[in-house]
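Look at the model that follows.

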Amino acid sequence: MNTLHTSDYIVFLIYFLIVAGYGLWIYNRKKAESASSKDYFLAEGSLTWWAIGASLIASNISAEQFIGMSGSGFTLGLAIAAYEWMAAATLIIVAIFFIPVYLKNKIFTMPQFLNQRYNGTVAMIMAVFWLLLYVVVNLTSILYLGALAITSISGLDLTLCMYALAIFSIIITLGGMKVIGFTDVIQVFFLILGGLITTYLALNLVSDAHGVQGTLNGFTILTKEAPDHFHMIFDKTSPHYLDVPGLTMLVGGLWIVNLNYWGCNQYITQRALGADLKTARNGILFAAFLKMLMPIIVVLPGIAAFVLYQKGFFHAEMMQAGETNPDKAYPVLLNLLPTGLKGLSFAALTAAIVASLAGKANSIATIFTLDVYKKKLNENASEANLVKVGKITVIVSMILAVIIAPYLGIDKKGGFQYIQEYTGFVSPGIFAMFILGFFWKKATSNAALFATIGGFLLSVFFKVLPTMMDLSFLYDFGFAVKSASSGLYEIPFLDRMGFVFIICIAGMIIISLIDNKRGVVPQGLEVDTKMFNAHPAFVVGSLIIILMLVALYSVYW
């Protein structure tokens, strides 16, 4: 039944009161210190390592994981977990090489980095790009998928759910990064606890459906009933190769996705930019450990739902517009939970959605206020005025998301792949611009403009290329696969990102060398190789994560 009982609402209300009350307490306690814009947007110097790590995960794990990735688990299986497990390795790279550069150069926003390394034109173009991307793709899709999940569980109206999520997120966001950071600790506790409970009960449902008992028996049944769902690497004959393109994913596009997301993304790096290097690194390492848990929480339930679906469970509940909708897998599982636990899992899901919305809205406000308003509209704005503009931006961005979300739609690939693919139109160029900006002093602003605009145009070109020419010659190399829906040979979007990235890097190098010969002197960053040295405890923690990843891939190759 798609309803919540009184006890479920009581559990959810307790959660709401705990989070709202704690947030209000943090806000009042820090109010006297929150006059500056840096304190409001970055919580400068006040977030602990565990708050940074929890905030990173709470902001990252949202409806796109609980709903979208569970739906991908239903369709693809464990292969989709590559996004999560590779993210753990990526976080280590970001902590060692990216964060020191930001902190050493006192970088607070990503457009500020581009302005400092290249010029104001590059920074402003990318500020507008990021604002559009965050509002039109990320904020709206999180809001839509989250509302869809809550509607599926509670039976409430979809529009009402969107309004409620937006209002709750605004309340959290208006307190600034301090409130977001510390309330995220509670949010991440609820989402991990609720997620683990859902996985535990889903595996028990699988074992019960097969006449046995026990969580481990449930997992064993999954591996036997759906062996194709436990392959991490697909070959080009797989119908899912377009979404998860085998080995090229592990050595190409997926690294671009993760390094761009975790290392060049205001939404994520903002959590660490207000801390010292040791605290930031420890927080990021903590997030990497939590990332290792995520497939257990979001992918296994999707696989369990697939096995139960094959046994005849909830066929009607997963139908939408006459077709099976994989994104309904997680909400359907929640509806099978007993009263009370359903309320807890509902609270965990809501926590994930709200935390992600709040973090995204805060990043939108930070970029608009510090990189657009202060630089172009009111250069002499006071600190109090900047904070006020930031709060107004939060409200406006959430209103836009509520208006756009119902018309956005999520394509048949599923919510998670939708977000990844359309974010990927700008990721290769952005990452090329950042990576050369970090580690190659000769990179010029003209080269950065090429990566910014050219990267996007190249992504569009490779997207429409199959309609312009026959790409069957790429099939033998594993870079193209015949689409069942269009009948055309298409390039998997992760491979497209790899191609665009390589072209952007090559183009930036050529343009920069030409500029250098013409006497153009690029703006530099302060980089000291000693700042890349890591504490022994951090190194040990990193090695543990790497060994865990090697073990996982050796088992499910």
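The largest nonpolar core holds 183 residues. Those with the most contacts inside this core are Phe66, Tyr102, Leu114, Trp130, Leu222 and Phe434. A nonpolar core is a set of buried Ala, Val, Leu, Ile, Met, Phe, Trp, Tyr and Cys residues joined through side-chain atoms within 4.5 Å. Buried means under 20% relative accessible area, exposed over 50%, and partly exposed in between (1.4 Å probe, protein chains only). Helix H7 gives the most to this core, with 20 residues. A second, separate core has 5 residues, including Tyr373, Ala381, Leu386 and Val389.

This is a predicted model: local features need pLDDT of at least 70, side-chain atom pairs count only at pLDDT 80 or more, and totals for chains, interfaces and linings use all residues. Residues are numbered from 1 along each chain as its sequence is written, and side-chain values use heavy atoms, with hydrogens and water left out.

Now take the chain as a whole. The secondary structure comes to 23 helices and 4 strands. Both are DSSP runs numbered from the N terminus (helices H or I, at least four residues; strands E, at least two). Of the 557 residues in the protein chain, 60% are buried. Among contacts between residues at least 6 apart in sequence, 82% join residues at least 24 apart. Contact here means heavy atoms within 4.5 Å.

Neighbours within four places in sequence aside, leucine 114 is in contact with Asn119, Val122, Ala123, Met126, Trp130, Met433 and Phe434.

Next, follow H7 (residues 120–154) to H17 (residues 341–377). Their axes come within 10 Å and cross at roughly 165°. Axes are lines fitted to C-alpha atoms, for helices over the stretch in contact, and angles run from 0 to 180 degrees between N-to-C directions. H7 and H17 are therefore roughly antiparallel to each other. Angles under 35 degrees count as roughly parallel, over 145 as roughly antiparallel, 65 to 115 as roughly perpendicular, and the rest as oblique. H7 passes H17 in a left-handed crossing. The residues of this contact divide into 21 nonpolar, 5 polar and 4 charged. Here Ala, Val, Leu, Ile, Met, Phe, Trp, Tyr, Cys and Pro count as nonpolar, Asp, Glu, Lys and Arg as charged, and the others, Gly among them, as polar.

H3 (residues 49–60) and H14 (residues 277–298) pack at about 45°, with their axes 7 Å apart. The pair is therefore oblique. H3 passes H14 in a right-handed crossing. A crossing is left-handed if the near helix is turned anticlockwise from the far one by less than a right angle, and right-handed if clockwise. Among the residues that meet are Trp49, Trp50 and Ile52 in H3, and Phe286, Leu290 and Met294 in H14. By class, the contact of H3 with H14 has 12 nonpolar, 5 polar and 1 charged.

H12 (residues 253–263) and H20 (residues 427–439) pack at about 65°, axes 9 Å apart. They are therefore roughly perpendicular to each other. Ile256, Leu259 and Asn260 in H12 meet Ser427, Pro428, Ile430 and Phe431 in H20. This contact has 5 nonpolar, 2 polar and no charged residues.

Finish with two single residues. Is serine 512 buried or exposed? Serine 512 counts as buried, at 0% relative accessibility. Its place is in helix H22 (residues 493–517). Lysine 106 lies in the loop between H5 (82–104) and H6 (110–117). Lysine 106 is exposed, with a relative accessible area of 58%.
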